[in-house]
Amino acid sequence: MKADLPEKSFFEDFYIWFNNDKKEEYYATPLYLYSANTKVDNDNRLVTVYFDKKEIKGRKKEEHGLQFPGNTYFPYVERLGTFLLRFLNADLATYQSAYETFFFAYGFELLKDIDENYTFALKGKYENDTVYLNEMERIFNDLQYEIKEIQNEMLKFVTYVYNLNNNEELEEYTPSQRFAVYLMKHKGQAYTYNKNDNVIKDSYSNKYLELLHLNENELLENLKNKIMLVAMRDTHQSKDLSSICYAVLEELVKLKNYPIKKCQNCGMYFIPTSRLDEIYCDYPKEKGKTCREQGAVQAYNERLKQNKALAEYRRLYQLKSMAIGRNKDNKQMKKDFEKWKKDAKDRVNKLKHGVLTEDEVYEWLVKNI
Ligand SMILES: [Zn+2]
C-alpha cells in the first residue's frame, strides 16, 4: 500500500523526517500532552515538547484529557538523533518511568504494530484522563517485554555501528560501513524495518501549505538566487517503533563527526554537542550538575590525586639515589634500590592505567621506604 502524507491534522500514525544540514528531526503524531509541556514557535511553525515535573504541578486538570491531533505542517522538532537516543536511554521498568523518559514525547501510536491484538481507541474518545491513563498503562504493561526486546536489539545495533565496546577489529571502519554489514548479517531483526517503514517520497506539491504565502514569481526568484532551499525530503510513516529507530540510525550514519557515544559516568547514550572526544553527557540530572560538569571536577581531582603519589615517588627516588651516591660501596643498598625502583615503577604504571588507586600507591610508597 502506498502511503501519502496526511492533508491535515490526523489522529493516527507517526511521521518523522530529517534535515541533516540543520541537524534536526521533525515528527508528527497525535499526543495526549498529558503531563508534558510544549514550547510553540509560531514563526517557524514548530513545537518542542518536553517533560518537567516542576512545571506540571500547578496546572489545572481541565487542561488535559483530549487527544491532540498530529499535524505535519506544524510538527514537533528535536535535535537530530533525539528519538533514537531517548529510546536507548528510556527507563522501561514501569509505565510511569517509560512515559516520563520516552512516550510523553512520541505517544503510543508506535506500539500498534508490535501486537496485532491491540485496538487503540481513536480520536480522543476516552471519557477522561483516568480512563485514558488506565488504558495506556494496560497496553504498556502487556507490551513491556516486546518493547524491552526492541530496546536491547537497538542497543546491540548501535554498539556495533559506533563501536562502543572499543573493539579493535572494528576501529578502521566507518559507522556507515558497520551499519551496512550489521543489516546484512542480521536480516531477521531488520525484517520489520523493511516491512513497516512506509517511505513517502517528497514531491514538491507537499510544500503547498508551507510556501503558500509566496507567489510563483517570488518562488522562482528565491530558487534562482538560492535564498531559499526547498529540499526534497522523505517522510517515514510507521506504526512500528523499531522501524523508526532504524530510520533514524540510517540517517545518523550518513553524517561525519556526529557519533553516538556512551557517557562514561552515567552510561546514557548521547551525541556530543561541542567536542567530538567528549566522554560525558550533558543531560540535565535531577540533582545539580550534568555528567560533563561532574566529569570535569572528577578529572581535576583525579589529576591532583595522581600528582600526590607521583610527587612522593619522585621525592623518594631522588632521596634514594642520592643515598646510593654517598654509599658507593654498599652493594646491598644498591640491590635494594633496584628492587624498590622496579616495584615502585610497576605501581606507578598501574596507577596511570587505573589499575591501582592513588591511595593504594601512596600508601605502598610510604610503607616501603
Ligand atoms: Zn552522563
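Predicted model: local features only at pLDDT ≥ 70, side-chain atom pairs only at ≥ 80, totals over all residues.
Residues are numbered from 1 along each chain as its sequence is written, and side-chain values use heavy atoms, with hydrogens and water left out.

**Exercise 1. The zinc site**

Task: find which protein donors hold the zinc ion, and name the geometry of the site.

Solution: 
- Start with the donors (N, O and S atoms within 2.8 Å of the metal, or 3.2 Å for Na, K and Ca; water is not among the atoms, so sites may look incomplete). For the zinc ion they are the SG atoms of Cys263, Cys266, Cys281 and Cys291, at 2.3 to 2.4 Å.
- Next, look at the spacing: along the sequence these donor residues follow C-x2-C-x14-C-x9-C. Cysteine 266, in the loop between strand 8 (261–262) and strand 9 (269–270), and cysteine 291, in helix 9 (residues 291–326), are 25 residues apart and link distant parts of the chain.
- Finally, check the angles. The 4 donor atoms make angles of 106 to 115°, and the site is tetrahedral (four donors with all angles between 85 and 135 degrees).

**Exercise 2. Helix 10 against helix 11**

Task: work out how helix 10 and helix 11 are oriented to each other.

Solution: 
- Locate the helices (DSSP runs of H or I, at least four residues, numbered from the N terminus). The axes of helix 10 (residues 331–352) and helix 11 (residues 358–367) come within 9 Å and cross at roughly 165°. Axes are lines fitted to C-alpha atoms over the stretch in contact, and angles run from 0 to 180 degrees between N-to-C directions.
- Helix 10 and helix 11 are therefore roughly antiparallel (over 145 degrees).
- Now list the contact (heavy atoms within 4.5 Å): Trp340, Asp343, Ala344, Arg347 and Leu351 of helix 10 meet Glu358, Val361, Trp364 and Leu365 of helix 11. By class, that gives 6 nonpolar, no polar and 3 charged residues (Ala, Val, Leu, Ile, Met, Phe, Trp, Tyr, Cys and Pro are nonpolar; Asp, Glu, Lys and Arg charged; the others, Gly among them, polar).

**Exercise 3. Helix 2 against helix 8**

Task: describe the packing of helix 2 and helix 8, and the classes of residue in their contact.

Solution: 
- Helix 2 (residues 82–89) packs against helix 8 (residues 241–252) at about 125°, with the axes 8 Å apart.
- On the helix 2 side the contact uses Phe83, Leu84 and Phe87; helix 8 supplies Leu241, Ile244, Cys245, Val248, Leu249 and Leu252.
- Sorted by class, the contact has 9 nonpolar, no polar and no charged residues.

Terms used
Helix = DSSP H or I, 4+ residues; strand = E, 2+ residues; numbered from the N terminus. Parallel < 35°, antiparallel > 145°, perpendicular 65-115°, else oblique. Tetrahedral: all angles 85-135°; square planar, octahedral: opposite > 155°, others 65-115°.
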